[in-house]
Amino acid sequence: MATANDKAVLEAIFSPASPFGDLPCLDEEELKDDDGRFDAELLAQVRGLERQGVSAAERGDLRAALELFDQAIALLPLRASAYNNRAQARRIQGDTAGAREDLDRAVSLSGAAGRAGCQALVQRGLLHRLAGRDEEAAEDFQRAAALGSPFARQQAVLLNPYAALCNRMLAQVIHKLRNPDAAETQAV
């Protein structure tokens, strides 16, 4: 009898491009950060600054966004979320080194757990992938997938050479089954 994990692996192999949200234990929305350790009033203020920063970034005002994220970090330097947000703004601005520093800090502060840890791992995985560091990207995506990110799980599968090989072999078998005449002419 197949376990839920076995079914997830088979689903990933046979449908690497499919969404994984319907698999058990893969709901990113359920991830929570441990914000209870922070002063409630200060946390509310920081969250407000982050929302303003995100709005500024969405309007294209990256300088204002960065200033707001800097203020949030200054108020609660041990909270990972603002580092994630600042990393995104820095990346958009073209400062990938700064973005990477912020993401490393967010992963460290979050303990690579919760929503902030998951988001930081995914963002850092994307930066690694863009830089051609696929092994590092795969590691971050696998860690984020273990936390529940369907996107990270999909990316980890796409970077897995064994899954890619299995998918190619399976595609060839299916093609031969669907097109037996094509298989004979190719073999000749």
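Here is a short walk through the structure shown above, from the whole chain down to one pair of rings. The model is predicted, so local features need pLDDT of at least 70 and side-chain atom pairs count only at pLDDT 80 or more, while totals for chains, interfaces and linings use all residues. Residues are numbered from 1 along each chain as its sequence is written, and side-chain values use heavy atoms, leaving out hydrogens and water.

Let's start with the overall picture. Of its 188 residues, 40% count as buried, meaning under 20% relative accessible area with a 1.4 Å probe, protein chains only; exposed is over 50%, and partly exposed lies in between.

Now look at helix α8, residues 150-159. Eight of its ten residues are buried, so the helix is largely enclosed by the rest of the structure. Among them are Pro-150, Arg-153 and Leu-159.

Next, find the rings. The whole structure holds one aromatic pair. Its partners, Phe-141 and Phe-151, sit edge-to-face, at 6.4 Å centre to centre with 85° between the planes. Rings of Phe, Tyr and Trp (its six-membered ring) pair if their centres lie within 6.5 Å; planes under 30 degrees apart count as stacked, over 60 as edge-to-face and the rest as tilted. Phe-141 belongs to helix α7 (residues 134-147) and Phe-151 to helix α8, ten residues apart. Phe-141 is buried at 0% relative accessibility, whereas Phe-151 is partly exposed at 36%.

Methods
Helix = DSSP H or I, 4+ residues; strand = E, 2+ residues; numbered from the N terminus.
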